[in-house]
Amino acid sequence: MPAPQPPQHQPAPTSALSPVVPPVLAEVVRSGFVEGRHRGALVVLAADGAVELALGDVTAPVFPRSANKPMQAAGVLRSGLELAGERLALAAASHSGEPFHRDLVRKMLDEYGLDPALLQCPPDLPLDPEERDAYLASGEAPDRVTMNCSGKHTAMLAVCAQRGWPLETYLDPEHPLQRTIHRVVEEAAGEPVVAVGTDGCGAPLMAISLVGLARAFRAFASAEPGSAERRVADAMRAHPEYVAGTRRADTWLMREVPGTLSKMGAEAVQAVALPDGRALAFKVEDGATRALGPVLARALTLLGVESPVVERIGRTPLLGGGREVGEIRAAF
């Protein structure tokens with residue numbers, strides 16, 4: 001009698017099917033009970049650029065989202081546009097839509113003879129919740145100038161107008177400006193872009209690793225004076241309110257820890273470079289921006305940054321019945 005035959009479709013071992021689970025970077029604690037966790041990956045670079053700490057897979061590609069903006073601004077400079085001060089900071093900004101942001105965007109458009117209708121970022125409300133409430137209360141409607149990326153788009157249009165490049169296709173990945181930005185990203189990150197997507201504002205978005213993102217911020221912060229990279233970093237550090245507004249962590253950190261370069265991105269991405277050459281980058285896997293502050297504050301503490309702003313950034317209370325009953329806290 002022949003021996004029984006094994007099933008034709010044996011399941012693979014569980015270990016072969018299970019992806020590596022990212023580490024927990026933050027916990028949601030309510031009334032002493034951990035009710036949720038935010039996983040992700042984080043890398044810290046030492047002053048010489050070596051990886052000092054890696055949590056999770058820091059070599060996998062991610063979309064840095066608006067943490068790419070310093071590199072995009074450097075691409076605009078390399079393409080020939082002369083920007084400095086608040087204007088250059090705004091070109092690298094995810095601004096809050098406060099009146100001084102909107103006023104400068106309109107002024108820049110006028111300076112380069114550009115119609116606001118040329119902006120291809122979508123109409124939007126102010127990014128800052130307090131400013132959004134005031135904006136709506138005044139009867140205003142979503143507008144392209146108000147969109148947090150409008151400074152970047154204005155700078156992109158301005159250099160295209162100056163160079164005689166097509167304005168209608170300035171967001172095409174094959175446009176001369178976008179090809180230059182692509183090169184800047186690869187040079188700063190020290191690795192190739194592995195994917196190109198479309199950001200929320202419509203601009204091309206280049207995927208690199210968290211190690212590459214941290215390297216890029218380190219390269220900008222310590223670049224040669226006068227270089228496009230250093231000019232962007234210096235403008236952001238000198239005018240952080242134009243980068244992020246008056247009520248956000250990037251502004252607080254760059255204002256209160258001199259020499260620091262900091263930029264967040266949507267889907268909970270953050271990159272920071274310190275003046276001594278150290279840098280960090282992380283991404284919260286589920287995109288929860290509420291975890292950004294606690295994770296950033298803990299990473300800065302591990303780097304030995306001593307400033308009251310660290311505690312301010314990290315404080316994320318949870319409310320119950322109108323009173324504080326818990327917090328979101330770092331878990332590493």
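Visitor: What should I know about the model before we start?
Guide: This is a predicted model, in which local features need pLDDT of at least 70, side-chain atom pairs count only at pLDDT 80 or more, and totals for chains, interfaces and linings use all residues. Residues are numbered from 1 along each chain as its sequence is written, and side-chain values use heavy atoms, with hydrogens and water left out.

Visitor: What makes a stretch a helix or a strand here?
Guide: Both are DSSP runs numbered from the N terminus: helices are H or I with at least four residues, strands are E with at least two.

Visitor: Why are H2 and H8 called oblique to each other?
Guide: Helix H2 (residues 69-78) and helix H8 (residues 210-221) pack at about 50 degrees, with axes 10 Å apart. Axes are lines fitted to C-alpha atoms, for helices over the stretch in contact, and angles run from 0 to 180 degrees between N-to-C directions. Angles under 35 degrees count as roughly parallel, over 145 as roughly antiparallel, 65 to 115 as roughly perpendicular, and the rest as oblique. H2 and H8 are therefore oblique.

Visitor: Which residues make the contact of H2 with H8?
Guide: Pro70, Met71 and Ala74 of H2 meet Leu213, Ala216, Phe217 and Phe220 of H8, where contact means heavy atoms within 4.5 Å. By class there are seven nonpolar, no polar and no charged residues. Ala, Val, Leu, Ile, Met, Phe, Trp, Tyr, Cys and Pro count as nonpolar, Asp, Glu, Lys and Arg as charged, and the others, Gly among them, as polar.

Visitor: What makes H2 oblique to H9?
Guide: The axes of H2 and helix H9 (residues 228-238) come within 9 Å and cross at roughly 125 degrees. That angle makes H2 oblique to H9. The contact includes Pro70, Ala73 and Arg78 of H2, and Glu229 and Arg231 of H9. Its residues divide into seven nonpolar, no polar and three charged.

Visitor: How do you know whether H2 is roughly parallel or roughly antiparallel to H6?
Guide: H2 and helix H6 (residues 150-163) pack at about 20 degrees, with their axes 10 Å apart. That makes H2 roughly parallel to H6. Lys69, Gln72 and Val76 of H2 touch Lys152, Ala155, Met156 and Val159 of H6. The classes here are four nonpolar, one polar and two charged.

Visitor: What makes a space a pocket?
Guide: On a 1 Å grid over the protein atoms alone, a pocket is an open set of points with protein on both sides within 12 Å along at least five of seven lines, while a cavity is a set where a 1.4 Å probe fits but cannot get out; lining residues have an atom within 4 Å of a point.

Visitor: What is the volume of the largest pocket, and which residues are closest to its centre?
Guide: The volume is about 820 Å³, meaning the space filled by probe spheres set on the grid points, which are joined across faces, edges and corners. Of its 32 lining residues, the closest to the centre are Arg248, Ala249, Met264, Thr289 and Leu292. The lining divides into 13 nonpolar, nine polar and ten charged residues.

Visitor: What lines the second largest pocket?
Guide: That pocket, of about 230 Å³, is lined by 14 residues, with Pro22, Gly40, Ala41, Asp57 and Glu285 nearest its centre. The lining has nine nonpolar, two polar and three charged residues.
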